[in-house]
Amino acid sequence: MAENPWDERAQLWFLVRQVASRIDRAGEALVRGEVGISLAQFLVLSVVDAYPGDLNQQAVADRLGLTKGTVSRQIDLAVAAGLMTVEPSAHSRRENRVALTDAGAVLVQKGDAALADARSSLLPDVAPADLAATLRALGSLNTTLGGPPVPS
């Protein structure tokens, strides 16, 4: 008897990709409409806002699960738009420290508020037990695949 090609792991892969894609599209439309920048740009700014101090491009990339090159392009765009600064790190001449400008911080606050207001329309209501189980499963899967542990 042939094994079912649509096994549970295949379903998991498919559903995670579908849900992530739908959330990304909704987030992209919301952030572009409310803040005027791409979701990728907003996420980079948000990470820098969340971790002030001596944060470098690789740390931003690691937190977002992106390549350093992708983050570097977003940082270059943010610097050109006056949303971020880049200066040599005090710890290493080979690294740069990134920080938000006042305009960048205001943009992150505006985007965070828009996302908070839209959260209920972007994400459906899920029973608390189902949400907790989903968070545990995705957190475990993320960690197993090499991602950082998700704070609880």
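Student: How do α1 and α2 lie to each other, roughly parallel or roughly perpendicular?

Tutor: This is a predicted model, in which local features need pLDDT of at least 70, side-chain atom pairs count only at pLDDT 80 or more, and totals for chains, interfaces and linings use all residues. Residues are numbered from 1 along each chain as its sequence is written, and side-chain values use heavy atoms, leaving out hydrogens and water. The axes (lines fitted to C-alpha atoms, for helices over the stretch in contact, with angles from 0 to 180 degrees between N-to-C directions) of helix α1 (residues 8-34) and helix α2 (residues 39-50) cross at roughly 85° and come within 9 Å. Angles under 35 degrees count as roughly parallel, over 145 as roughly antiparallel, 65 to 115 as roughly perpendicular and the rest as oblique, and α1 and α2 are therefore roughly perpendicular.

Student: Which residues of α2 make the contact with α1?

Tutor: Contact means heavy atoms within 4.5 Å. On the α1 side the contact involves Asp24, Gly27, Glu28 and Val31, and on the α2 side Leu39, Ala40 and Phe42.

Student: How many helices and strands does the chain have?

Tutor: Helices (H or I, at least four residues) and strands (E, at least two) are DSSP runs, numbered from the N terminus. From that end the elements follow the order α-α-β-α-α-β-β-α-α, and the chain has 6 helices and 3 strands.
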